[in-house]
Amino acid sequence: MSIEPEHQARERKDLAEALRGLREASGLSGERLALRCNMSQTKISRIETGRALPTVIDVQRILTALDVPQDVANELLRLTRKANVDYASWRTYARVGLYRKQAELKALESTSRVMRHFLPAIPTGLLHVRQYAEQTLSKTVSSTPARDVTRAVQARMDRQAILDDRSRSFTFLLTEQAVRWRRAGCEVMAAQCAHMAEVSQKPNVEIAVIPQAVQVPATPMNVFVVYDDRLVTVELFSGEVALRDPRDISHHLELFDLFLGHALTGAGSAAFLREAAEDFMRLRD
């Protein structure tokens, strides 16, 4: 499946035109269709002009209201699922300034109430101390695009204020490898682990850790974040994929719960993080 931006734009345009064509062929006005679907006429208009991307559920409701033949409905639902996948490469973010990605995340977090982070490889930016953030945002291999590290680090630090907003809840689920992976020097790693133990004491924050010795009946394939029940973002080496299909969201929520069921939580995870910090300090010595 292609998820290149230009291909996505074509698919979204095709979907909008197909839905508009089906409505016009049925003889219904946008207002009548909106009533049948229990949507606003404005939303129908935005979908048909391509200004709003409909969810799979939106399209199902429209197709049912239009009494579309099943084979046509199946094809349009397939197109909708493809259109509901976004891909953005890190090269794109680097061109416009990596700090803009931090601003995008800040906006996303400020419009979400429940956030679940699955972190099998590395702690997320909301948990970083400054020196650790500097390491993770610095250029690694030659093909890594250049970026303004100082500005991106500061934007990441600024984002962390949202952890003090008790109207929002955060669950950060890490593997032991994510905690202990030597992404920086031992002193920085010790500070990073101690900081996570401290953050875990916030009343709206849960930091859970899956010990390596625990048997888990699933494989931690990717870093992902679930925002409420409306969006999943999945990190790749080359970029990030956003999923909006309710089935994809449900699948990732199930995976998250499965992994969380094998993790240390509360005082247990805080003790694990403090012990990891002490281990790194001993290595430094």
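Reader: How many bridges join E2 to strand E5?
Author: This is a predicted model: local features need pLDDT of at least 70, side-chain atom pairs count only at pLDDT 80 or more, and totals for chains, interfaces and linings use all residues. Helices (H or I, at least four residues) and strands (E, at least two) are DSSP runs, numbered from the N terminus; two strands pair if DSSP finds at least two bridges between them. E5 spans residues 224-227 and runs antiparallel to E2. The bridges joining E2 to E5 number four.

Reader: Which residue of E5 does His117 stand opposite?
Author: Residues are numbered from 1 along each chain as its sequence is written, and side-chain values use heavy atoms, with hydrogens and water left out. The residue in E5 opposite His117 is Val225.

Reader: In which sense do E2 and strand E3 pair?
Author: E2 is residues 114-119, and E3 is residues 169-175. Leu119 has Leu174 as its bridge partner in E3. Six bridges hold this pairing, and its sense is parallel.

Reader: Where do these strands sit in the sheet, and what is its order?
Author: The sheet is open, has seven strands and mixes its pairing. Its edge strands, E1 (85-89) and E4 (205-210), each pair on one side only. From one strand to the next, the twist averages 15°. The order is E1-E7-E6-E5-E2-E3-E4.

Reader: What is the bridge partner of Ser89 in E7?
Author: E7 covers residues 239-243 and pairs with E1 in the antiparallel sense over five bridges. Ser89 is bridged in E7 by Gly239.

Reader: Now the helices. How are H11 and H13 placed to each other?
Author: The axes of H11 (residues 186-199) and H13 (residues 266-284) come within 8 Å and cross at roughly 165°. Axes are lines fitted to C-alpha atoms, for helices over the stretch in contact, and angles run from 0 to 180 degrees between N-to-C directions. Angles under 35 degrees count as roughly parallel, over 145 as roughly antiparallel, 65 to 115 as roughly perpendicular and the rest as oblique. H11 and H13 are therefore roughly antiparallel.

Reader: Left-handed or right-handed: how does H11 pass H13?
Author: A crossing is left-handed if the near helix is turned anticlockwise from the far one by less than a right angle, and right-handed if clockwise. H11 passes H13 in a crossing that is left-handed.

Reader: How many nonpolar residues are in the contact of H11 with H13?
Author: Contact means heavy atoms within 4.5 Å, and the residues include Met189 of H11 and Phe280 of H13. Ala, Val, Leu, Ile, Met, Phe, Trp, Tyr, Cys and Pro count as nonpolar, Asp, Glu, Lys and Arg as charged, and the others, Gly among them, as polar. No polar residues take part, three are charged, and the nonpolar count is 14.

Reader: Why is H2 called roughly perpendicular to H4, and at what angle do they pack?
Author: H2 (residues 30-37) and H4 (residues 56-66) have axes 9 Å apart.

Reader: How does H8 lie to H9?
Author: H8 (residues 130-137) and H9 (residues 149-159) pack at about 130°, axes 9 Å apart. That angle makes H8, relative to H9, oblique.

Reader: Over which residues does pLDDT stay under 50?
Author: pLDDT is the predictor's confidence in each residue, from 0 to 100. The protein averages 89, and 95% of the residues score at least 70. The stretch under 50 has seven contacts beyond four places in sequence, and it is residues 1-5.
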